[in-house]
Each structure stands twice: as structure tokens, then as C-alpha cells.
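Please open the model in a viewer and keep the sequence panel at hand.

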Amino acid sequence: MGMAEPKILLIALPAQGHINPSLQFAKKLISYGVHVTFMTAVSGFSRMNKTPPSIQGLSYAKFSDGYDGGYDMRTVDVNHYMTEARRCGSQTLRDFLVESINNDTKFDCIVYNLMLPWVAAVAREFHIPSTLFWNQPASIFNIYYQSSKGYEEIIKNGVEDPSFLIELPGLPLLSRHDLPSFYIPGNSYAFAMSTLKEHMDVLDEEITKPKVLVNTVDALESEAMKAVGKYKLVGIGPLMPSAFVDGKNPNETSFGVDLFKLSKEKEAMEWLNSKAESSVIYVSFGSLTVLSKEQIEELAKGLLETERPFLWVIREDGIKEGELKGLSCHEELEKQGMIVPWSSQVEVLSHQSVGCFVTHCGWNSTFESLVCGVPMVTFSQASDQPTNAKLVEDVWKTGVRLTKNEEGLVEGCEIKRCLELVMGEGERGEKIRKNAKKLKELTKEAAVENGTSDKNLKDFVDELCNSC
Ligand SMILES: O=c1ccn([C@@H]2O[C@H](COP(=O)(O)OP(=O)(O)O[C@H]3O[C@H](CO)[C@@H](O)[C@H](O)[C@H]3O)[C@@H](O)[C@H]2O)c(=O)[nH]1
């Protein structure tokens, strides 16, 4: 028999796409009787809108990413940031663990996010078991896994050729445009490939077949999961506000850890209330993407041409000051739609008047859209997003993908074409909407009592209890 209350230290990068699912994961663990200490960087805590939720069984802790005073997402050098996060993070995590030992607190496991393999190395120094929480699709993990098992050279040599196609175990046939952007020569994330390799190395050092917890649903990605022979991938998602997933906590309608100020939130909901069912286009590009002014103009043109209402998130750090008002069609935009600097996204996606999501395909946005049953028009940018867009269009078939012109711009007419495809009368749109409904059921079923994700989570907690 294990001890009464196992303790987990859960560590997340201070980015919205990491904090959201991690905190939700923490809440789940607490509901299974675990005490969780949620740790992110000082810079993350200081950007939060409000004090993070106070919950019985949950404590908060901070590490330093070397940028305690904050940083500007638009100008920060990501490679330097990641090096500093590792250097300062390892040291401050060590200090924290020494202090907790002095206070008689013993962690039974340290769970860490994607891009933080150094956490596992520190955990090992302290003889604390660690588990990777992969907050992207299992298919993405599988691509990096296959690549570390000998496909890397083939991919790297192949992608130079625009007609390159590759068949990897457990995945659909992938073209150059479907692969994570880190494989494309000249991408600006030099740290990424070596960090991803390090993730695999760290897992390989485990004595038994390590378990990787993935924010997905087994039934969505079973082939990709099976193809990763060396580790056991299990789906524990959707890790999203309870009101829209299992309904156990109907008051929990948001993640509660926004790094951006919500404004016009009530107005936006009232505006949505005034619209017809499935009539509104929701447009958002997550927490990091910055579009060029030219691209914003094209997007605006496309949206106006549909003559449909839209709710468009343009973050303050996503556009230069004054540029929004300087858009050629600013007045028409305000008439036909609503522009907000940040939204309560899952609440918006769950609203009955939302009929389509124009998304950059960050995994959280993509998964939230699947869970809410909203069809997508995908406009992927970097990292896992191109692959997520491929899965949406060709595997789950709940959306269509925008095509860029020769200058790399997605033109207004292309945006209109895809929106009409998804929202209009045609047969393809109907099929897409039907599939979106199906996947909504499938993803929710996993999270309820005795669903696959619920079982996988319970197993993880049981194993933890047995080993401590
Ligand atoms: O107005 C908004 C916009 C976004 N969100 C939330 O912010 C999160 C955004 O996450 P995601 O959609 O994954 O986008 P990014 O912020 O771009 O996430 C980064 O991290 C993800 C997880 O690793 C990757 O999949 C992405 O490619 C990477 O860009 C989601 O939970 C959204 O619900 C809001 O609440 N309001």
C-alpha cells in the first residue's frame, strides 16, 4: 500500500499554451487525491492577470528563467531565452528542492512539460522520479521519436525538395509542408531539435519503459501512440475547463491563468448571444503568433467578403500601436464583427453561435476546437502547427487548410473560399460539420468517469502510490 497523499511537483514553461493544460492537469490530479505544487517561472506569475486560483491541495512555486523582470515576446531571442531558462531554471529548481527537503517535503514525482528536459536531469540528481507531460499531439511526439530512430537524415535531406513525401510508422503520408517547422532549413529555432533529442535521451535513461502523459485522447491517435515502441504514450486529455468537458465543476469556465488582459469580455459574450446559431467566425492565433500588417489586411478583406459576423482576437503585442485603427477597412470591420485583445477562448468556442474557428493550429486551440465541435480553417505558422493542420484536414477531417500564394501570403479570396467551404451549403462543409460533432462526442467520452483518459490518469496515480 502506498502513502496517504502523494506529492507531485508539476513544472510548466511560462507560456499560455503550457500553463493552461498543466494547471488543468494539476486540478485533475488533486481530484484523484494527489497534492500538487505547480511551478512556473517568476516571469509567468508576474504576467498573470490575477492571482492564480486558490484550491485545496494545490501550492504554487517559482523558478527563474533568467527574465524575472519580464520580456517582450516580439523581440526576445528565443534561443537565448531557452539557454537562460535552462541555466537559471536548473539552479533555482535545485535551490527549491534543497529547501523542500529541509522542510521535510518529499516529492514522489516531478512532472515536466515539453521543452524542459533539464528538469528530469535535476530530478535525477535528487533521486526523484520524473514523468514527461507532452502538451502537443502524440503524432508530433511520434515524428520526433521516429526521427531519433534513424529518419532524421532522410527527412533533413529530403525537405529541400518541394515534392518530398515521407511515410513514417503510425502517421499519414507527410509532405514538406506537413512536417514540424523545425525540420525546414533556415528556421529560427536552433535550440528545438537538440532539446527534442534530449527529451528522448532522458527517457532512454529510465530503467523501465517510461510512460509519457499526453494531452490527447487515445482514440484520436492510437496508431501514432502504438508506433512509439520504446515508451508508453497515454492520453489524459482533454485538459480543459471542467464546465465544457466533464461538467463536474460547472463554475469552472476558464483556465483562470491568463497572461493577457481580458477586456470587453462581457460585451463579447453578449454580442455572441445576439447572433444566430453557428453563424460566427472566431479568429485567433494563440499567444505567440504575430502576423504582418499585410497579412492582417488580407485576413480582414477575406472576413469582410464573407459578409458573416466574426469575433477576432488581435493581441496588443500582436500588432504595432495604432496599426489596428490604421487598417484600410477598420470601420467596416467594427461594423461586421468585433475585435478584442484577448478572449475567454474555450467559452467562446463552446458558444452556440460560433460556427468556425480560423486558427493557427497551436495544439491547445486545435484540441479545444475538436472538444467544442467547431470546424476549423487552419492557418498554421510554426512548430507543430503544420502537422496539426494536416491532421485536422486529412485525418480527423474537421476542417480545411489555407494555401499561401508564392510570396507566402494567404490572400483574402483564399480565406473567403475556405470559410465558405466550411460554413456554406456544399457537401464537403456538411461532412466537416458532421465530423466535428462526432469528434466532440469522442473527446468528451474519454474524460468522463471510466473513459480512457480518466482510466489512464487513475493508473498513473495508482502506480505513483504503489511506488512511494
Ligand atoms: O484570445 C485568446 C487566445 C488564446 N487563448 C488560450 O491560449 C492558449 C493558446 O495555446 P495554443 O493554441 O497551443 O497556442 P500558442 O500559444 O501558440 O502555443 C504554443 O504552445 C503549444 C503547445 O506546445 C504549441 O502547440 C503551439 O504551436 C505553440 O505556439 C489556448 O489554451 C487558448 O484557449 C485564450 O484564452 N484567449
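Which way do K211, V212, L213 and V214 point from strand β8, and are they buried or exposed? K211 and L213 point one way from β8 (residues 211–214), V212 and V214 point the other way, and all are buried. Buried denotes under 20% relative accessible area, exposed over 50%, and partly exposed the range in between, with a 1.4 Å probe and protein chains only. In a regular strand, side chains alternate between the two faces of the sheet.

Before continuing, note that this is a predicted model, in which local features need pLDDT of at least 70, side-chain atom pairs count only at pLDDT 80 or more, and totals for chains, interfaces and linings use all residues. Residues are numbered from 1 along each chain as its sequence is written, and side-chain values use heavy atoms, with hydrogens and water left out.

**The neighbours of β8**

Select strand β5 (residues 130–134) next; β5 and β8 pair in the parallel sense over three bridges. Here L132 stands opposite V212. Two strands pair if DSSP finds at least two bridges between them. Helices (H or I, at least four residues) and strands (E, at least two) are DSSP runs, numbered from the N terminus.

V212 stands opposite L233 in β9. With helix α7 (residues 222–227) also displayed, β8, α7 and β9 form a right-handed β-α-β unit. Right-handed means that, with the strands pointing away from the viewer, the path from the first strand over the helix to the second runs clockwise.

**A loop residue**

Move to V159, in the loop between α5 (138–158) and β6 (165–166). V159 counts as buried because its relative accessibility is 0%.

**The cysteines**

A search of the whole structure finds zero disulfides, a disulfide being a pair of cysteine sulfur atoms within 2.5 Å. Select C356: the nearest cysteine sulfur, that of C418, is 9.3 Å away. C356 counts as buried, because its relative accessibility is 0%. For C413, the nearest cysteine sulfur is likewise that of C418, at 10.0 Å.

**The largest cavity**

Finally, select S284, F285, G286, T289, V290, L291, I296, W312, V313, I314, R315 and G318, which line the largest cavity. A cavity is a set of points, on a 1 Å grid over the protein atoms alone, where a 1.4 Å probe fits but cannot get out; lining residues have an atom within 4 Å of a point. About 120 Å³ of space lies inside the largest cavity, the volume being the space filled by probe spheres set on the points, which are joined across faces, edges and corners.

Conventions. On a 1 Å grid over the protein atoms alone, a cavity is a set of points where a 1.4 Å probe fits but cannot get out, and a pocket is an open set with protein on both sides within 12 Å along at least five of seven lines; lining residues have an atom within 4 Å of a point.
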